[in-house]
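Here is a short note for a colleague new to this structure. Please read the points alongside the model.

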Amino acid sequence: MDEVTTLTGRQMGAFEESAATTVGSRLVTMLQQSIMPVERPFAELGHQLGVSEMTVLQEVYKLEAQGAIRRFGAVFEGRRLGYASTLCAVAVPEGELEQAAAIVVPLTGVTHCYSRSNKLNLWFTLSAEADRLGESFARLSELFSPYRLYSMPALRTFKIAAVFGGARGNRRVIPTAAVAAGTFSERERAVVRCLQGELPLVAEPFHSVAKEVGIEVGELLRVCQEWLACGVIRRMGVILHHRQAGMSANAMCAWLVEAAQVSRAGEIAAASPLVSHCYERAAFDIFPYNLYAMIHAPTREAVEAALRGITEEAGLTPGVALWTGREFKKTSPAYFITE
């Protein structure tokens, strides 16, 4: 899902107090991307940091009390589960924006839905089992009529990294082909359904999952370790609210890049510590851009500076910034759930 955005000084916002402790910003980083599927994961984290399990849990509870934690669980690679996704956008009159958002917000397959500062003013992600995504999009297109709904699937992924905190990591995600969902047993699907939800912030969080699924803890941990190794699970950890993480300004930025330059430009954009997601997508007449990067920063000025920096370093013509307006929905993807 990973790259880590560096926050220092006042930018730490709600995390300033936590970062001042002995484990500090390194713990914030590791909580998001380094929790391992072992019986006592916070003890293992403490061992790596040279502190006690209780010290780690106390820091976790501080973040929870600050309202910084969105959930604790696994982040899955949907394509490995047989799912596909696309970014959708539609232009509707401002007076109909809430009504339009109400069409998609209740849908399990829609995970993020925002208004943005563009003629295409409502954007959302749509996911479904790979062989049903087209059908789902067609059904939504009918519901949005007479307004045209655009589908902008990723042609190439340079970075997926919704991780915020202290030290910066550097891992790009390479797209993989979808795997037939039928390759997962019903018990494995039950494990996915549990891990994609909210695990308890306790010393032995996997015990409740094992009990719910009806398997031994050791077997559950073995499955999780295998899924991490083969990429079914992207990472396991705490998912934070980016605004509480000090990143109060964000925009989806886009450029029109010549085909021969997309790889280099995508790598440059992905290298920015303020970019959480970066994709190549198809361009449309109404939105003639093919390289997208989501930039998060403490201020609007910092987002604009990052946009300029990427543009100059990659030698691109000026791009556009679609500022995030209203957040209608933000959830993690839900797999193997009946709509």
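**Cores and a covered strand**

1. Start with L31. Leaving aside residues up to four places away in sequence, L31 touches F42, L45, V56, V60, L63, G237 and V238. Contact here means heavy atoms within 4.5 Å.

2. This is a predicted model: local features need pLDDT of at least 70, side-chain atom pairs count only at pLDDT 80 or more, and totals for chains, interfaces and linings use all residues. Residues are numbered from 1 along each chain as its sequence is written, and side-chain values use heavy atoms, with hydrogens and water left out.

3. L31 is among the residues with the most contacts inside the largest nonpolar core, which has 45 residues. F42, F76, L81, L195, L220 and W227 are the others listed. A nonpolar core is a set of buried Ala, Val, Leu, Ile, Met, Phe, Trp, Tyr and Cys residues joined through side-chain atoms within 4.5 Å. Buried means under 20% relative accessible area (1.4 Å probe, protein chains only).

4. Several elements supply at least two residues each to this core, including α2 (24–33), α3 (41–49) and β2 (69–76). The largest share, 6 residues, comes from α9. Helices (H or I, at least four residues) and strands (E, at least two) are DSSP runs, numbered from the N terminus.

5. A second, separate core has 25 residues, V257, A269, A297 and L316 among them.

6. Now take strand β11 (residues 275–281). 7 of its 7 residues are buried. β11 runs antiparallel to β7 (residues 154–160), joined by 5 bridges. Strands pair if DSSP finds at least two bridges between them. R281 is the bridge partner of A154.

7. β11 also pairs with β12 (residues 291–297), again antiparallel, over 5 bridges. There, V275 stands opposite I295.

Conventions:
Buried means under 20% relative accessible area, exposed over 50%, partly exposed in between (1.4 Å probe, protein chains only).
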